Amino acid sequence: MATPSFAVPALAEESLPPPLQPGAMAHSKPYVANKAIQEALDYPGELVSDWHDRALTKLAEILKRNRALQVYLDACVHCGACTDKCHYFLGTGDPRNMPVARQELLRSVYRRHFTLPGKLFGSLVGAQELTKERLEEWYSYFYQCSECRRCSVFCPYGIDTAEFTMAAREVLNTVGMGQKYANEIIGKVHRIGNNLGLPGPALIDTLEGLEEDVKEETGAEVRFPIDQQGAEVLLVTPSADFFAEPHVESLIGYAKVFHAAGISWTLSSHASEAGNFGLFTGNEAQMQKISQRVREAVLELGVKRIVVGECGHAWRVAYNYWQKLIGPFDFLDPRYPVPQHICEFTHELIERQALVFDKEANDHRIITFHDSCNVARASSMGKVPGGQFELPRAIIRAVANHFHEMAPDTIREKTFCCGGGGGLLTDELLELRVKGASPRMNALKQVVDHHQVNFMATICAICKAQFSKVLPMYGFEMGMVGGVHQLVSTAIRLGRNCE
Amino acid sequence: MDLAPAILAYLVTAVLVLGLAWRIAKFMRAPVGLPIAVTPAPRTSAGVAWRLTKEVLVFASLFQSNKWTWFFGWIFHAALALVLLRHLRYFLEPVPTWVLWLQPWGRYAGFAMVFGLLGLWARRLLVARVRFISTPSDHLMLLLLGLIGFSGLMMSFVIHTDLIALKRFTLGLFTFEWSALPGGPLLVHLLAVGVLLMIVPVSKLLHVPGVFLSPSRARADTGRRPVARREGA
């Protein structure tokens, strides 16, 4: 790995607000999408000459159809409650990474062009003309927000900076300043079916390999079916699960759970991606188009239930939007919610005592749990609010003996983002990602020091990839991060416990 | 007799009521679209009502965020509420007993209100993060509220106003029997109040309706709830 050209933040006991360093991260920008990538999504290939008017027209259109953004633009009182809550501010000290200051990049333009006081009194109310420089600032700082919503939890009005970020990114897309990373991936899903661009034959190959590996290791005939007509369950999982480490360990875990429970299941080569990068720009049409593949696969394969694998933003989209975007699902088994999270699926089997575990198999692990932002603050699980916190923890406790929580201000709805969510998991943003991870790393360090924690479980593909990259930079083992179903996989007893 | 105070009072009321109605209607016209409740969120409307009640009465989220801002902010708002209720005595005849009972509390709440404002202002000036995000209008807003509180306290405790004349003026506004407004600090007080009420529809004072309209807070978690069949689905 190349040496980074920036200093990795020193680990501290607490993540205290740093001194302000204006402009410290002004240089951080993702690569701009090229013409081919942009045009595949019906965006202009480069910055259009009438960007000023088009941007304002787009903003007006978003305001018209988004009550949240309207209320948020007008209701903020600049109380400062959010100013020390963003992991990117805590990690970089750049005041533009304070949530309200990030919002002001958009709010100032809104004031100038859409409100009476802004038109009359300008700078008195913080109004600013939409200029090329402002657009560049947007491109920098709205790609320094992972849309994790931690600020929203602390805001007296629940103002959600993610809504600003999505709107600004969509405006940037519309004038031809798209982000290469996310837009290229969306294009890949439309063409091939998943974020990684893995075609069907490659998937089948990989899954056959996994069957052999598991057979060799356990002696059990655990199947990894794909495109299986008439299976009970369709599993939609992030494509990273098919080959990235440690993701694949969780995929093996899901397969073992299905095997042990004796429930037939299948993957789909058509809907081989749970992730939905349309969320990152709040583009409903893209979100719908990406999700539609799931509906098509459900109909084609004739399954009765849909289960979603370990992926944070995918679960946000699946939990909140699938019913609205690609529903209704009245033809599926009415005994189960649509969709279900793999943790709900496994948890239910555990409750029914349909699975048997050798907890000691995980005894070499001292485990903590990292709540992923989109699961924690934008979705739920189970029958009561907060199930998204309880179910994964209940599974961990069922399959392992050693579990310790990180500090209360850094978990559950107050969890810190991994630093790589919301479309920022790309190498040119590495400095931002490493610095943004520092609050989580600080909290982890505490449980490592006090409880000898050596495994951080999580249920998000982006968290897993991000932590694999940044853990070593903070002096931790890369292999410390893994999925909840990786733990399940280690402890589950195969073969002898089918009911 | 000078009709200007009465005309201004009607104008201010009209701007406040119509402006606020227009803004709220504008908010309501925009669809909420895809649900964005910040979770864990209640799944029923009763749960949402309880969540909002906690936000409005004790500033539950702010309490988690920052104890100083919460302390000064809550004191200011609670004191303002008391002061406003006390002011009903200038608009109702006969004055209800509970308003009379509030009178001493409301008088001293004026001090708490100004204390809260000064605390919030100190944070705006002294905490670098909050100073960074403050616009000139944020300071002017505090100045305006401070002026209202200070002139009010002056009338309560130092230079008393002719309350009989004042009440004749306010009641006259309802029956179109206009009478003269007494002078002194009252004019400063009412002018500042007038400005404040007129800017409600175009300023951050919209946080008052905003707290009830914020889709991340004021909405139930409706995830996975089946919806009606979509066109072409």
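Predicted model: local features only at pLDDT ≥ 70, side-chain atom pairs only at ≥ 80, totals over all residues.
Chain B consists of ten helices and zero strands, helices being DSSP runs of H or I with at least four residues and strands runs of E with at least two, numbered from the N terminus. The C-alpha trace of chain B spans about 70 × 45 × 35 Å along its principal axes. A cis peptide bond, with omega near 0°, joins B:Glu93 to B:Pro94, and B:Pro94 is placed in the loop between α4 (67–86) and α5 (97–126) of chain B.

The contact between the chains (heavy atoms within 4.5 Å) takes 57 residues from chain B and 81 residues from chain A. Together the two chains bury about 5,500 Å², of which 57% is on carbon and sulfur atoms; buried area is the accessible area (1.4 Å probe) that two parts lose on being put together, summed over both. Of the area that chain B buries against chain A, 16% is supplied by B:Leu34, B:Arg129 and B:Arg224, more than by any other three residues.

Side chains of opposite charge can pair when their charged atoms come close. Between chain B and chain A there are three salt bridges, each defined as a side-chain nitrogen of Lys or Arg within 4 Å of a carboxyl oxygen of Asp or Glu. In one of them, B:Arg23 pairs with A:Asp74, the closest N and O atoms being 2.4 Å apart. Over all chains, a search of the whole structure finds 33 salt bridges; the pair of B:Arg23 and A:Asp74 crosses between chains, from helix α1 of chain B to helix α3 of chain A.

The second largest pocket holds about 790 Å³ of space. On a 1 Å grid over the protein atoms alone, a pocket is an open set of points where a 1.4 Å probe fits, with protein on both sides within 12 Å along at least five of seven lines, and lining residues have an atom within 4 Å of a point; grid points are joined across faces, edges and corners, and a volume is the space filled by probe spheres set on the points. Of the 36 residues in the lining, A:Pro117, A:Val125, B:Ile199, B:Val202 and B:Ser203 are the closest to the centre of this pocket. The largest share of the lining, seven residues, comes from α7(B). By class, the lining of the second largest pocket has 23 nonpolar, six polar and seven charged residues, where Ala, Val, Leu, Ile, Met, Phe, Trp, Tyr, Cys and Pro count as nonpolar, Asp, Glu, Lys and Arg as charged, and the others, Gly among them, as polar.

Notes
Residues numbered from 1 in each chain as written. Chains lettered and ligands numbered in written order. Heavy atoms only, no water.
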